[in-house]
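Hi,

Here is the structure I promised to pass on.

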Amino acid sequence: MIAGGSRIAAYLATRLLDMNIAVKIIEKNLDKALDHALRFPDVPVICGDGTDQATLLSENLDGMDGFVSLTDNDEENVIISMFAEQQGVEHVVPKVNRVELGFLLENRASPMP
């Protein structure tokens, strides 16, 4: 599952599809969602908020093998990635541009004391 419909998301979807890996994209901007739906006719593209927990759960987040958060907001990417991990998603990757947020990612896989 990919949250966010950026150019990076399109590139990643292309690469995953080339490897025969199923992809689902969630994008809240209708125009971007439609563009991805046209570009990837065999990919479910949901026009919805990929940072909304209810939306993620309704789209079977807990049944996904991987989750990549590519929204334009670093903090949201980290938070929804942590949520994906809590739901048991094995492979989770948040896009983070600001180096100063790295501390949030350092101990993600470690259990809380």
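**The salt bridge**

K24 and E59 form a salt bridge, with their closest N and O atoms 3.1 Å apart (the term means a side-chain nitrogen of Lys or Arg within 4 Å of a carboxyl oxygen of Asp or Glu). The pair ties together distant parts of the chain, 35 residues apart: K24 sits in the loop between α1 and β2, E59 in the loop between α3 (53–58) and β4 (66–69). The structure holds one salt bridge. K24 is buried, at 15% relative accessible area; buried is under 20%, exposed over 50% and partly exposed in between, with a 1.4 Å probe and protein chains only.

Before you go further: this is a predicted model, where local features need pLDDT of at least 70 and side-chain atom pairs pLDDT 80 or more, while totals for chains, interfaces and linings use all residues. Numbering runs from 1 along each chain as its sequence is written, and side-chain values use heavy atoms, leaving out hydrogens and water.

**Helix α1**

Helices (H or I, at least four residues) and strands (E, at least two) are DSSP runs, numbered from the N terminus. Helix α1 covers residues 7–18, and its buried residues are A9, A10, A13 and L16. Down the axis of α1 they fall within an arc of 130 degrees (taken from the directions from the axis to the C-beta atoms), so they line one face of the helix. They pack against β1 (2–3), β2 (25–27) and α2 (30–39), contact being heavy atoms within 4.5 Å. On the face turned away are the exposed R7, Y11 and D18.

Cheers

Definitions and conventions: Expected span 1.5 Å × (residues − 1).
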